[in-house]
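Please keep the sequence and the structure in view while reading.

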Amino acid sequence: MKKQFVLKSRPVGKPAESNFETRLIELPNIAEGEVRLVAHTFSVDPYMRGRMSDAKSYIAPYQIGEAIVGGVVARVAESKAENLKVGDYVLGMLPWQEEMVVPASGLQKVDEKIAPLSYYLGILGMPGLTAYFGLLDICKPQKDETVVVSGAAGAVGMVVGQIAKIQGCRVVGIAGDDAKVDYILNQLNFDAAINYKTTANLDADLAVACPSGVDVYFDNVGGEISDAVVARINKGARISICGQISLYNETTQPVGPRIQPTLLKRSALMKGFIVSNYAARFPEGFTKLAEWVGNGQLKYNNTNYKGFEKLPEAFIALFEGKNLGKLIVEV
Ligand code: NAP
């Protein structure tokens, strides 16, 4: 029997461990074209909060009593598929199970020799690609422009800031912890960083950090942090709406300032996106990210939880800011 996590109930507000339930399941025998996988590393991601609710979104909700599904790197333990052999590692959207029998189609082979397996869930995977396309395609940052990124010490944010540095920009990060601020300033060479939880005055700190205003804003969090950044945008600014994590656990929609007059007066562009919009260009993004990782221009950090049973706790930790970089669960 193998362990599985299912959605027990839909969270109201912040998710709790009681929203998840462990079950024991028996695996079927594998059929032609299928593989049996042993989970190696699980990704926990903020978008999964959206799938726990039944509100209409770009991706279907999890169903009560069914396995949570997310990004997983797993080892092939048995194979009846031509393209995969025992010992290969694969990446897929897979259930939160210790082991699983799934069709080989839809799995992507990953190579430990190119990068550590966890990187396929982070900098060389969905979060890295999100940073790459959300920044470069939507915001088109130019040399010497000021780029502000919120959620700056997270999986997406730390890549955004470093890519902006590679483009020759002045980079300002906003994060919720002194150790994170220290990391992005001193390890990733951001030009300025603000702890939004301890600042006495975010507007004043932004004014100091962005003396020439804000040309690009990569928004991972929304809410009051974004209100403060948008108030400082320059003429022709570009705003990429990547995530709104500060609002994901809200039970009512908070009302903020009306920002349309600012966008109008500054001839600014604001655009939301989902990384899968860029699926056709993923090979381009992967190649560039791998090059920058390879030549040391992009650094990366994971926060690792250990053990299958830690999955719910690790997921909830995203909403408590406990991660520096990509949050993963190693089995
Ligand atoms: P992450 O930043 O690694 O982890 C989440 C971080 O969000 C936490 O560490 C915490 O950092 C911050 N946070 C949590 N609650 C907050 C709040 N109330 N206010 C402000 N910050 C808060 O996660 P990620 O995977 O890189 O994702 C970052 C954002 O991008 C999320 O909003 C996610 O939904 C979005 N995203 C979008 C796409 C897309 O296709 N559009 C793809 C991937 C991710 P602090 O300590 O700094 O508070």
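## Arg 49 and its surroundings

In this predicted model, Arg 49 is in contact, beyond its neighbours within four places in sequence, with Pro 11, Gly 13, Pro 15, Tyr 248, Asn 249, Phe 315 and Phe 319. Arg 49 itself belongs to helix α1, which covers residues 47-52. With one of these contact partners, Asn 249, the side chain of Arg 49 makes a polar contact of 2.7 Å.

Although Arg 49 is buried, it has no salt bridge. The nearest side chain of opposite charge is that of Asp 54, at 8.8 Å, and a salt bridge would require a side-chain nitrogen of Lys or Arg within 4 Å of a carboxyl oxygen of Asp or Glu.

## The ligand site

Tyr 248, which is among the contacts of Arg 49, is also one of the residues closest to the ligand, together with Lys 180, Tyr 196, Val 275 and Asn 323. In total, 26 residues surround the ligand.

A polar side-chain atom of Lys 180 lies 2.6 Å from an oxygen atom of the ligand, and a polar side-chain atom of Tyr 248 lies 2.7 Å from a ligand oxygen atom. From Cys 242, a backbone N or O atom lies 2.9 Å from a nitrogen atom of the ligand. The ligand taken alone exposes 910 Å², of which the protein buries 91%.

## Gly 154 in its loop

Gly 154 sits in the loop between β8 (146-150) and α3 (157-166). Its relative accessible area is 17%, and Gly 154 therefore counts as buried, the limit being under 20%. Gly 154 and Tyr 300, 146 residues apart in sequence, are 9.9 Å apart in space, C-alpha to C-alpha.

Conventions. Residues are numbered from 1 along each chain as its sequence is written. This is a predicted model: local features need pLDDT of at least 70, side-chain atom pairs count only at pLDDT 80 or more; totals for chains, interfaces and linings use all residues. Side-chain values use heavy atoms; hydrogens and water are left out. Helices (H or I, at least four residues) and strands (E, at least two) are DSSP runs, numbered from the N terminus. Buried means under 20% relative accessible area, exposed over 50%, partly exposed in between (1.4 Å probe, protein chains only). Lys and Arg count as positive and Asp and Glu as negative; His and the chain ends are not counted. A polar contact is a pair of N or O atoms within 3.5 Å; within protein, one must be able to donate a hydrogen and the other to accept it, and residues adjacent in sequence count only if both atoms are side-chain atoms. Contact means heavy atoms within 4.5 Å. A residue is near a molecule or strand if one of its heavy atoms lies within 4 Å of it. Accessible areas come from the Shrake-Rupley method with a 1.4 Å probe; for residues, only the protein chains shown count as cover.
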